[in-house]
Amino acid sequence: MLRLPFRDGFYEVNPTKIVALAKNYADHAKEMESDVPEKPVFFLKPPSALIGPNSTILLPRMSKRVDHEVELAVIIGRRAKNVPAKKAMDYVLGYTILLDITARDIQAEARKKGLPWTIAKGFDTFAPVGPRVVDKRELDPSDLEIGLKVNGEVRQLGRTSEMVFKIPELIEYISSVMTLEPGDIIATGTPAGVGPLRHGDKVEAWIEGIGTLEEDVISEGSILC
């Protein structure tokens, strides 16, 4: 069981689903050669992709390019169905960092063929989270610095205020489609600057008020049986 520090103890990260937003930062939509959507666009990542801080992102043999995407993650605290935006924050437990690791070449091929992105987003280790969960009462998520370094080089840097759709809007829209259960995670999208990871890289992702999530990167082919 994956546990993260929370309040004076620990929180067991055990979502029924991870709901991830696509193109929720305008600059990222632009770098992906896409328009900013009129409504939230989301997809699912499997809970089996989760790993904790100070773990290892595994680059699968199936992909030739795997990218990093740092995101503010919202953890749901109460069962939510058809929740209006004005009451949405009542259903939030807290916040953490999530890396939406993406097999970009597999995603590009799927997009070209009009196929789902499940494989590109769903490999084991493709959803690192941490380093802790911050109680919603302790953090205003509306305008926080968010960034990522690879081997000490800044790759992504933005602010959560740049989100196209804010957290209450996201909860309203997603809960109109599917019931959000306690523990479910909403990954709210990534700022511009996504880029490839390579064997031996060290990733440091941070969000103001939450901390820094650190992960190593190794290729699947380097693991000795």
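The legends below describe close-up views of a predicted model.

Local features are given at pLDDT of at least 70 and side-chain atom pairs at pLDDT 80 or more, whereas totals for chains, interfaces and linings use all residues. Residues are numbered from 1 along each chain as its sequence is written, and side-chain values use heavy atoms, without hydrogens and water.

**View 1. An open sheet of three strands in the order 10-7-15, with antiparallel pairing.** Strand 10 (102–103) and strand 15 (195–197) are the edges; each has a single partner strand, so one side of each lacks a neighbour in the sheet. Strands (E, at least two residues) and helices (H or I, at least four) are DSSP runs numbered from the N terminus, and two strands pair if DSSP finds at least two bridges between them. Strand 7 (residues 66–68) is joined to antiparallel strand 10 by two bridges. Thr102 in strand 10 is the bridge partner of Asp67.

**View 2. Glu69 in the loop between strand 7 and strand 8 (70–76).** Glu69 is buried, at 4% relative accessibility; buried means under 20% relative accessible area with a 1.4 Å probe, protein chains only. Its side chain makes a polar contact with that of Thr102 at 3.4 Å. A polar contact is a pair of N or O atoms within 3.5 Å, within protein one able to donate a hydrogen and the other to accept it; residues adjacent in sequence count only if both atoms are side-chain atoms.

**View 3. Thr125 in the loop between helix 3 (118–122) and strand 11 (127–135).** Thr125 is buried, at 11% relative accessibility. Residues touched by Thr125 (heavy atoms within 4.5 Å), not counting those up to four places away in sequence, include Ser48, Ile57 and Ile101.

Notes:
Buried < 20%, exposed > 50% of the residue type's maximum accessible area, 1.4 Å probe, protein only.
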